[in-house]
Each structure stands twice: as structure tokens, then as C-alpha cells.
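Subject: Structure handover

Hello,

Here is the structure you asked to look at. My notes follow below it.

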Amino acid sequence: MSILVIAEHDNATLKGATLNVLAAAAEIGGDVDVLVAGSGCQTVVDAAAAVAGVAKVLVADNAVYEHQLGEVMGDLVANIGTGYSHILAPATTTGKDLLPRAAALLGVNMLSDVIEVVAADTFSRPVYAGNAVATYQSNDAIKVLTIRATGFDAVAATGGSATIEAVDFVSAYGKSVFLSEELAKSDRPELTAAKVVVAGGRGMQNGDNFAMLFDMADKMGAAVGASRAAVDAGFVPNDLQVGQTGKIVAPELYIAVGISGAIQHLAGMKDSKVIVAINKDEEAPIFQVADYGLVADLFDAVPELDKLV
Amino acid sequence: MKVLVAVKRVIDYNVKVRVKPDNTDVDLNNVKMAMNPFCEIAVEEAVRLKEKGIASEIVVVSIGPKVAQEQIRTSMALGADRGILIETEDKLESLTVARLLQAVVEKEEPQLILMGKQTIDSDNNQTGQMLGALTGMAQGTFASDVAIDGDKVKVTREVDGGLRIVTLELPAIVTTDLRLNEPRYATLPNIMKAKRKPLAIMTPADLGVTMESTQTLLKVVPPAERQAGIKVADVAELVEKLKNEAKVL
Ligand SMILES: Cc1cc2nc3c(=O)[nH]c(=O)nc-3n(C[C@H](O)[C@H](O)[C@H](O)COP(=O)(O)OP(=O)(O)OC[C@H]3O[C@@H](n4cnc5c(N)ncnc54)[C@H](O)[C@@H]3O)c2cc1C
């Protein structure tokens with residue numbers, strides 16, 4: 001078997017999710033190559049070549065791949081993917097955008113958000129907002145999968161010495177053009193990689209009140225997350241949303257503040273190791289998954305907690 | 001400009017699905033069904049484009065059993081002009097759905113295709129991108145804003161790091177995210193009017209597509225249950241537990 005893993009990166013750093021995908025690849029077994037497609041992405045290539053267990057790093061370094069648009073990436077992955085038994089990408093917005101396109105170009109189906117490798121052709125994934133876990137056997141010639149990072153422990157970032165090979169293929173696709181980007185800048189840990197997440201919901205009442213959570217998060221080295229209601233209301237930006245249709249997190253500690261615990265929210269955080277819920281409604285469903293529940297007004301409890309952590 | 005919207009009949013998002021005791025699938029018997037919420041957002045966006053005078057006709061297509069007509073009628077009550085049901089009882093895999101939609105696109109030649117980014121049953125998030133591959137159209141996935149500008153569409157996409165704006169040549173595919181709009185409710189007069197709007201029914205064979213399946217569902221199990229936790233009396237006890245019992249502080 002030979003596996004192609006699509007690296008997640010921003011032309012400067014190799015993102016951690018790639019290491020979780022490589023762990024899934026190792027469970028499938030076989031030679032593992034990594035594709036780094038970008039522009040001016042040599043540091044990423046070097047980082048990928050150093051990862052334990054990688055045989056070869058394929059490099060498509062060209063201006064057309066600078067923003068890793070789904071259309072050009074789909075073309076590229078379909079072009080080099082034919083020689084592989086498996087093609088894997090992280091279940092990030094980049095992976096979700098490009099991989100189905102590549103799969104359809106290759107004429108195969110795919111499985112999204114895989115959390116378990118049962119066999120080389122059999123995989124499990126959550127469905128129905130995580131209320132069920134389905135196991136599928138794929139009969140496709142090439143198994144195409146996005147991997148949910150929280151399902152696999154990352155492989156070591158060092159200890160490897162892969163060969164590096166340039167890819168000639170340049171997609172000529174021109175109907176999609178990158179215009180601009182507004183990326184959240186923050187010194188806090190990345191939401192999906194943080195050991196501690198402090199999340200706020202509609203109970204926070206407004207964006208200003210989120211400052212309480214950001215302050216506490218900074219003290220704890222934590223990331224801040226939010227429910228859909230808090231994002232919809234404009235308290236915080238969309239990249240903070242945790243849930244079925246937002247980010248999936250599984251930190252050591254998740255503190256849910258003023259969040260009711262709708263199934264769509266639970267889908268994104270119920271694999272956290274320890275869950276704390278602070279809610280003034282003792283009937284709130286979040287208490288059914290919380291290891292430690294505190295029935296209290298968050299405007300009393302959070303300042304007090306902030307002093308003690 | 002003609003807009004094509006794809007909608008799917010799925011379990012209502014308020015219903016907590018249960019796994020069948022024999023672990024063959026989830027139990028959808030006597031469960032409330034509805035239009036996939038992301039598809040509702042797609043219909044709403046099409047209707048708004050029509051209200052702005054940008055869209056001239058909204059065609060809504062669904063693939064599924066006969067009862068999926070309900071979701072097409074709902075779309076028409078919200079403002080779609082006509083409907084197409086591709087009737088099949090078969091299990092639907094994304095690539096087949098994309099092939100069926102491709103056949104509809106070739107017939108209807110829409111300038112814009114709106115669809116949900118994912119359905120809340122399979123949670124796949126694949127079909128729009130696959131349709132993009134099959135038709136060669138550009139794809140604006142996870143959209144929170146859509147602005148038509150001549151023969152192009154500017155799409156603001158919700159990505160992990162924040163927002164990204166792309167310009168796509170029309171015809172193009174846009175998949176909707178939650179914050180694109182807030183769908184309206186259908187009014188009674190519009191529900192009545194929708195009953196008289198045209199709804200064509202066809203089969204996959206009519207479109208020259210064979211229903212293929214490449215994935216075998218082996219089993220479905222409930223997710224791991226969390227141990228029931230405890231309630232703490234106050235913040236001091238919470239911090240004590242987190243330090244000494246859970247050891248996460
Ligand atoms: C298709 C679809 C996808 C969705 N995807 C997601 C998703 O990815 N992520 C997500 O989070 N949601 C998602 N949702 C929305 C979800 O169904 C809920 O509406 C949402 O999670 C509710 O957010 P909330 O808990 O902040 O708000 P609410 O449900 O309104 O809860 C607010 C809570 O705050 C408590 N509270 C209020 N004031 C105080 C106070 N002073 N002190 C203490 N507690 C207080 C209340 O008791 C209440 O429990 C989705 C919905 C749909 C239909």
C-alpha cells in the first residue's frame with residue numbers, strides 16, 4: 001500500500017493536524033508520502049521531511065498553489081493521486097474544500113471525518129452530529145479520507161529523513177481567484193490544539209463580556225471557543241465556533257460558560273477529557289456531559305474562578 | 001439569471017437520533033423529517049437574489065423518496081418557482097448525487113448553483129465540491145456572503161483561520177454556511193400557492209445515471225457515553241476538584 005497525505009500549512013509552518021493524519025496513515029500501513037503544495041514553502045517541505053515515518057515529500061511550489069484553492073488543489077491531487085491506494089487530508093476547511101473535488105476527479109467516493117482505522121479498507125466516522133458512529137467498508141480503487149485530528153495521537157515531528165521530489169504538474173484552472181483574507185491574529189494557542197479551552201455562549205450577553213473569558217484563558221494558557229449562538233450574535237468571530245459545523249476540539253479541560261449544551265455544540269467538544277459547565281439553569285443539557293457542574297450566575301462565578309486559577 | 005438550488009430531506013435537527021438495537025443503522029421510523037438546515041439557507045439566498053432582481057428563476061431539485069416532494073413544496077412556498085424530484089429509494093452516496101446533479105445542471109444550465117455545505121445526517125460536506133469537479137465549475141464553499149458582480153460572484157468563505165474572499169467565474173457553485181442568512185418562514189398563502197407550482201418527477205435512469213454504491217455500511221453504534229459527573233457547590237470546590245481529582249489545573 002502507498003499513502004499520500006496532503007500537508008496542512010500556510011507556506012511558513014507545517015500545521016499540527018498533519019501529524020495526526022500521519023498517525024492515521026501509519027495505522028493503515030505502507031509507504032507514506034506527503035504532498036506540500038504552496039508557494040515559497042521550503043520551510044514546510046523541510047519540516048515535513050523531518051517527520052518520522054515519511055518516505056518522500058512531493059513538492060508543488062508554484063504561485064498557482066499559493067492560497068491552496070480547492071480547484072487547483074483538486075486538479076493537483078487528482079493528477080498525482082492515481083498511483084496511491086489511499087489519499088488522506090486533515091478534516092480542516094482546506095482539506096474539506098479540496099479533497100472531495102479530487103475524489104470526484106478520480107471517479108471515487110470518499111469518507112469524511114474518519115476517527116478510526118479498522119482495516120486498510122474499513123473506517124469509522126461520526127454521523128448525525130456525533131450521535132452515532134458508522135463503520136464503512138470502501139470498495140473504491142483509491143480510498144480517499146479526511147481525518148479528524150482528535151481521533152489520532154500525533155506522530156513525532158522529528159526523527160525522519162524523507163527524500164524530496166518536485167512535482168511538475170501545474171493546474172491551469174483559472175475560474176477561481178483569491179481576493180483577500182481576514183485571519184484572526186492571536187497569541188493564544190490554536191483552538192483545535194489547545195490543552196485547555198474556555199468557551200462562552202449566549203449567556204455571555206455581549207462581546208465585551210467575553211473579555212472575562214479571554215483574560216482567564218490567557219492566565220491558563222488556554223484557547224477561547226464559543227457556541228454558534230455567541231458567534232451568530234456577533235459576540236466573537238466565526239473561527240471560534242465549536243460544534244457539528246464548527247471546530248472539533250478535545251482538550252484536557254473544556255470549560256463551558258453560559259452554554260446550554262445543544263447536540264450540535266456537544267458534537268464538537270464531548271470528547272474533551274474533563275468538561276466543566278457553568279450555567280445558572282440546573283436543567284441545562286450541558287450538565288449531562290459535564291464532569292463538574294456549577295449551577296451559578298456566570299457573572300459571579302467567572303471572576304471568582306479567574307482569581308483562583 | 002437562473003439559480004438552481006439542491007435540497008435534501010433529512011432528520012429534523014431537533015431530534016436526537018437513536019441507533020437500532022441490531023446496530024445496522026440509525027432508526028428513522030416515525031422520526032420527524034425536515035429540510036436540511038443548510039439547504040434552507042441556500043433556498044433563502046436564492047429568494048433574496050430574486051427579490052433583488054438578480055435571479056430570474058429559481059429551480060429547486062431534490063434526490064430521494066417520493067415524500068421528499070414535501071421539501072420541494074416547502075422551497076416553493078419560500079419562493080422557488082419550480083421543482084424537480086429525482087425519485088429513488090436507494091441509499092445515496094455523494095458521488096452519485098453529484099452525478100445526478102450534474103445531469104440536471106446540463107439540462108437546466110443555471111448560472112448559479114446553491115447548496116448546503118453539509119447535510120446533518122451524513123455530515124459529509126462533499127457533494128458541492130464533487131459537483132464542481134464534474135462540471136468544471138468553480139466552488140465557493142462554506143459561504144457567509146455572496147455578491148453577484150456581472151459575470152462573477154464574490155464569495156466570503158468561513159475558514160478555520162477566519163474569513164477568505166474569492167471571486168468565481170459564473171456559472172459557479174456556492175455551498176452555504178450558517179451565517180449566510182436567516183431563513184424566513186413560509187406564510188400560509190405562499191404554502192397554498194406552492195401547491196400549484198410545477199414539480200417534475202424523474203428517475204435516475206431518465207437522466208442516464210446508474211445508481212452505484214462503493215461503500216458498504218458494516219455497523220452503526222452509539223458514541224461512547226460519558227460517565228455522569230457531579231455538581232460542585234461553589235467555585236472553591238470546583239478548583240479543588242480540578243487540581244486534586246482531575247489534575248488538570
Ligand atoms: C444545522 C445546525 C448546525 C449547528 N451547528 C452548531 C455548532 O457547530 N456549534 C454550536 O454551538 N451550535 C450549533 N448549532 C446551534 C445549536 O443548536 C444551539 O442553538 C446553540 O449551540 C446554542 O448556543 P448557546 O448554548 O450559547 O445558547 P442557548 O441555548 O441560548 O444557551 C444559553 C445558556 O446560557 C445560560 N445562561 C444565560 N445567562 C446566564 C448567566 N448569567 N449565568 C450562567 N448561565 C447563563 C442559559 O441558562 C442557557 O443554558 C447548530 C444548529 C443547527 C440547526
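Which residues of helix α2 (residues 69-78) of chain B are buried? They are Gln71(B), Ile72(B), Ser75(B), Met76(B), Ala77(B) and Leu78(B). Just after α2(B) comes Gly79(B), which takes a positive phi of about 140°. Please keep in mind that this is a predicted model.

Chain B, strand β12

Strand β12 of chain B covers residues 172-176, and five of its five residues are buried. The burial holds on both faces: Ala172(B), Val174(B) and Thr176(B) lie on one side, while Ile173(B) and Thr175(B) lie on the other. Two strands that pair with β12(B) are listed here. Strand β8 (residues 112-116) of chain B is joined to β12(B) by five bridges, and the two run parallel. In β12(B), Thr175(B) is the bridge partner of Met115(B). Strand β9 (residues 138-149) of chain B also pairs with β12(B) in the parallel sense, over four bridges. Here Ala143(B) has Thr176(B) of β12(B) as its bridge partner.

Chain A overall

Chain A has eight helices and 16 strands. Its radius of gyration is 20 Å, close to the 19 Å that the globule rule gives for 309 residues, so chain A is as compact as a globular protein of that length. The C-alpha trace of chain A spans about 60 × 40 × 40 Å along its principal axes. Of its 309 residues, 59% count as buried.

Chain A, strand β9

Why is strand β9 (residues 143-147) of chain A described as largely enclosed by the rest of the structure? Five of its five residues are buried, so the rest of the structure largely encloses the strand.

Strand β4 (residues 86-90) of chain A runs parallel to β9(A) and is joined to it by five bridges. Pro90(A) stands opposite Ile147(A) in this strand. Strand β5 (residues 110-114) of chain A is joined to β9(A) by three bridges, again with the strands parallel. Met110(A) stands opposite Val144(A) in β9(A).

The ligand

Where does the ligand lie? It lies between chains A and B. There are 30 residues around the ligand, and those that come nearest are Arg202(A), Ser227(A), Val242(A), Ser260(A) and Asn279(A). By class, this shell has twelve nonpolar, 13 polar and five charged residues. Four helices each supply at least two residues of the shell: α6 (228-232), α7 (263-266) and α8 (298-308) of chain A, and α1 (37-51) of chain B.

Some individual atom pairs can be picked out. An N or O atom in the side chain of His265(A) is 2.8 Å from an oxygen atom of the ligand. A polar backbone atom of Lys280(A) is 3.1 Å from a nitrogen atom of the ligand. In the side chain of Asp297(A), an N or O atom is 3.2 Å from a nitrogen atom of the ligand. On its own the ligand has 990 Å² of accessible area, and the protein covers 86% of that.

Regards

Note on methods. Residues numbered from 1 in each chain as written. Chains lettered and ligands numbered in written order. Predicted model: local features only at pLDDT ≥ 70, side-chain atom pairs only at ≥ 80, totals over all residues. Heavy atoms only, no water. Near = heavy atom within 4 Å. Polar contact = N/O pair within 3.5 Å; in protein donor to acceptor, adjacent residues only side chain to side chain. Areas by Shrake-Rupley, 256 points an atom, 1.4 Å probe, with all protein chains shown as cover. Nonpolar A, V, L, I, M, F, W, Y, C, P; charged D, E, K, R; others polar. Buried < 20%, exposed > 50% of the residue type's maximum accessible area, 1.4 Å probe, protein only. Pairing = 2+ DSSP bridges. Rg over C-alpha atoms; globule rule 2.2 N^0.38 Å.
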